[in-house]
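Hi,

Here is the structure I said I'd pass on. Have a look at it first, and my notes follow below.

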Amino acid sequence: MSTARAAYTSGMSVGMGAPNVLRGKSSGGNLSALSAIEAGVVDWLCADYDPASLLPVIFRLADRGTLGLPAAIALVSYNPARAVGLDHIIGSIQPGRSADLICVRLMPDPVVQQVFVAGIPVYTWAEQHNLLPFAHHNRSDKPLPPPDPNL
């Protein structure tokens with residue numbers, strides 16, 4: 001923690017891995033990202049080795065009250081863009097910015113519902129899940145049987 005605090009205090013941009021937050025600890029026995037965020041010495045989170053970790057980490061931080069939702073979103077969007085000097089192009093919703101956005105629904109885990117690239121919709125969850133003409137054949141009004149306790 002002392003190294004992260006010293007870097008942060010000296011004005012360096014401090015980043016950590018989102019998987020570390022989700023696991024609650026470092027895979028290599030190093031500093032816990034969650035502890036560093038709680039101490040206020042983390043500027044941004046990266047995907048590290050798990051790109052899918054960026055979306056759930058936002059809601060994990062907000063749900064446990066570590067950060068408010070806007071601050072948690074900034075940890076994976078605006079703050080990394082600012083750290084690499086691209087905040088004039090990406091990272092926030094403002095006129096003149098790229099307008100790459102996702103719309104998310106909690107189901108209960110976050111699921112991307114829509115993706116916009118440069119303001120143009122390129123993916124809609126509902127459209128992707130009704131593409132096959134025979135999809136309705138798998139639907140049934142009958143409830144599923146209870147799980148077999150012997151398995």
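This is a predicted model: local features need pLDDT of at least 70, side-chain atom pairs count only at pLDDT 80 or more; totals for chains, interfaces and linings use all residues.

The largest pocket holds about 780 Å³ of space. It has 27 lining residues, and Ile73, Ser77, Asp100, Leu101 and Ile102 sit closest to its centre. At least two lining residues come from each of α4 (54-63), α5 (69-76), α6, β3 and β4 (110-117).

Ile89 belongs to the loop that runs between α6 (78-83) and β3 (101-106). Its relative accessible area is 38%, so Ile89 falls in the partly exposed class, between 20% and 50%.

That loop between α6 and β3 also contains Ala99. Ala99 isn't a glycine, yet its phi is positive, near 65 degrees. Like Ile89, which is partly exposed, Ala99 counts as partly exposed, at 32% relative accessibility.

A couple of other backbone details to check while you have the model open. Met107 and Pro108 are joined by a cis peptide bond, with omega at about -10 degrees; Pro108 is in the loop between β3 and β4. Further along, in the loop between β4 and β5 (120-124), you'll find Ala118. Ala118 is another non-glycine with a positive phi, this one about 55 degrees.

Cheers

Key
Residues are numbered from 1 along each chain as its sequence is written. Side-chain values use heavy atoms; hydrogens and water are left out. Helices (H or I, at least four residues) and strands (E, at least two) are DSSP runs, numbered from the N terminus. Buried means under 20% relative accessible area, exposed over 50%, partly exposed in between (1.4 Å probe, protein chains only). On a 1 Å grid over the protein atoms alone, a cavity is a set of points where a 1.4 Å probe fits but cannot get out, and a pocket is an open set with protein on both sides within 12 Å along at least five of seven lines; lining residues have an atom within 4 Å of a point. Grid points are joined across faces, edges and corners, and a volume is the space filled by probe spheres set on the points.
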